[in-house]
Amino acid sequence: MSRLVAHLDLPTGQRLELRQGDLTLESVDAIVNAANAGLQHGGGLAGALARRGGPIVQLQSDRWLAENGPIDHERPAVTGAGNLPCRFLIHAVGPVWGEGNEEVQLEAAVRTALETADRLGAASVALPAISTGIFGFPAERAAPVLLKQAERTLQAHADSHLREVRVVLLDSSTLQSFLTAWRQRWPLEDGSA
């Protein structure tokens, strides 16, 4: 189980949380995978989710790709979760650092992943620091973008199924970047645990 680091209770009754822990162990309705456009889950977080979820994750990803083509930041894919403690995996593609327009693409990846979760009827979602791993987006630059977009999406969909969004980070340095951005955005209401 992840450790709660900070939380924000929105006036809409929704909650945004910052947690440290293993995303593959989060018991939520949907987990967001930081995927590549070809839905190949060989390494990084995608590999960890596929290993814990079992072969069905890659099989369903291959089927989705064959039927729908590559995914991008505006169009995530959805598969079952196999052995993961959730119902759905939402595969979102974030930007590769250095290709340009990274912040806009990251905003779109977060927004469309959360909107997809709502369409699936998910009340709770856990997402990682999209693009900060092998895609190279510096965590200190990604953190304010991701947190702001998560809050905006929740507020824009106040009457949605979505009630809780958890940003779940494993390593301490990424967590510190997100905690710094959290405290800059919500200095008086960071709800730190």
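**A walk across the sheet**

Begin by selecting strand β6 (residues 124–127) together with strand β7 (residues 164–169), which run parallel and are joined by four bridges. The model open in your viewer is a predicted one. Within this pair, pick out Leu127 and look across to β7, where Val167 stands opposite.

Next, select helix α3 (residues 102–119), which packs on the sheet and touches β3 (30–34), β4, β5 (88–92), β6 and β7. If you compare directions, that of helix α3 makes about 155° with that of β5.

Now show the whole sheet, which is open and built from seven strands in the order β1-β2-β7-β6-β3-β5-β4, with mixed pairing. At its edges stand β1 (3–9) and β4 (77–80), and because each has a single partner strand, one side of each is left without a neighbour in the sheet. Viewed strand by strand, neighbours in this sheet are turned against each other by 25° on average, direction ignored.

Finally, move to helix α5 (residues 172–185) and select Thr174, which lies in that helix. Is Thr174 buried or exposed? Its relative accessibility is 11%, and Thr174 therefore counts as buried, the cut-off for that class being under 20%. To see what surrounds this residue, display Ala129, Ala139 and Leu169, with which Thr174 is in contact once its neighbours within four places in sequence are left aside.

Methods: Residues are numbered from 1 along each chain as its sequence is written. This is a predicted model: local features need pLDDT of at least 70, side-chain atom pairs count only at pLDDT 80 or more; totals for chains, interfaces and linings use all residues. Side-chain values use heavy atoms; hydrogens and water are left out. Helices (H or I, at least four residues) and strands (E, at least two) are DSSP runs, numbered from the N terminus. Buried means under 20% relative accessible area, exposed over 50%, partly exposed in between (1.4 Å probe, protein chains only). Contact means heavy atoms within 4.5 Å. Two strands pair if DSSP finds at least two bridges between them. Axes are lines fitted to C-alpha atoms, for helices over the stretch in contact, and angles run from 0 to 180 degrees between N-to-C directions.
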